[in-house]
Amino acid sequence: VSQSRYSRMGNVEKARMAAAILHDYKVAVKPIFSPTVKVGDEGVRICLHNFNTDTEIDELLHMLNNFQK
C-alpha cells in the first residue's frame, strides 16, 4: 500500500532543492509547481509505503521541517 502526501515549500527554488536533496537520500518525492498548485504553494509530493519504517518517516519529517525554515 502506498499513499501520497504533499509538503508545501513556498517557492519553486525551495521545492526543487528539497526534491533533489531528498532524492539523494533515496526518498521518493516529486516537486510540484504551478499550475498544479497555486503560485506560492510549490512543494514536494511524498510517496509513503507500508514498508517504510517509523525511523525513516521520522527522518523524513525532520528533513522537511528543516526545509521549511
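These legends go with a set of close-up views of a predicted model.

A few ground rules first: in this predicted model, local features need pLDDT of at least 70 and side-chain atom pairs count only at pLDDT 80 or more, while totals for chains, interfaces and linings use all residues. Residues are numbered from 1 along each chain as its sequence is written, and side-chain values use heavy atoms, with hydrogens and water left out.

**View 1. Met17, Ile21 and Tyr25 make a nonpolar patch on the surface.** Together these three residues have about 300 Å² of accessible area (found by the Shrake-Rupley method with a 1.4 Å probe, where for residues only the protein chains shown count as cover). To join such a patch, residues need over 30% relative accessible area and no salt bridge; nonpolar side chains (Val, Leu, Ile, Met, Phe, Trp, Tyr) are joined within 5 Å, and like charges within 9 Å. Methionine 17 sits in helix H1, residues 12-24 (helices are DSSP runs of H or I with at least four residues, strands are runs of E with at least two, and both are numbered from the N terminus). With a relative accessible area of 42%, methionine 17 is partly exposed (buried is under 20%, exposed is over 50%, and partly exposed is in between, using a 1.4 Å probe and protein chains only).

**View 2. Here is the largest pocket, with a volume of about 250 Å³.** A pocket is an open set of points on a 1 Å grid over the protein atoms alone, with protein on both sides within 12 Å along at least five of seven lines; lining residues have an atom within 4 Å of a point. Grid points are joined across faces, edges and corners, and the volume is the space filled by probe spheres set on the points. Of the 15 lining residues, Lys26, Val27, Ala28, Asn52 and Glu56 lie nearest the centre. Helix H2 (54-67) and strand S3 (43-49) each supply at least two lining residues, and H2 gives the largest share, 5 residues. The lining splits into 10 nonpolar, 2 polar and 3 charged residues (Ala, Val, Leu, Ile, Met, Phe, Trp, Tyr, Cys and Pro count as nonpolar, Asp, Glu, Lys and Arg as charged, and the others, Gly among them, as polar).

**View 3. Aspartate 41 and arginine 8 form a salt bridge.** Their closest N and O atoms are 2.6 Å apart; the rule asks for a side-chain nitrogen of Lys or Arg within 4 Å of a carboxyl oxygen of Asp or Glu. Aspartate 41 lies in the loop between strand S2 (29-32) and S3, and arginine 8 in strand S1 (residues 2-8), so the pair ties together parts 33 residues apart in sequence. Arginine 8 is partly exposed, at 44% relative accessible area.

**View 4. Two spots on the backbone stand out here: lysine 26 and proline 35.** Lysine 26 has a positive phi of about 65 degrees, although it is not a glycine. You'll find lysine 26 in the loop between H1 and S2, exposed at 75% relative accessibility. Proline 35 is in the loop between S2 and S3, and a cis peptide bond with omega of about 10 degrees joins serine 34 to proline 35.

**View 5. Isoleucine 46 is buried, whereas phenylalanine 51 is exposed.** Phenylalanine 51 lies in the loop between S3 and H2, at 59% relative accessibility.

Notes:
1 Å grid on protein atoms, 1.4 Å probe; cavity = no way out; pocket = protein on both sides within 12 Å on 5 of 7 lines; lining within 4 Å.
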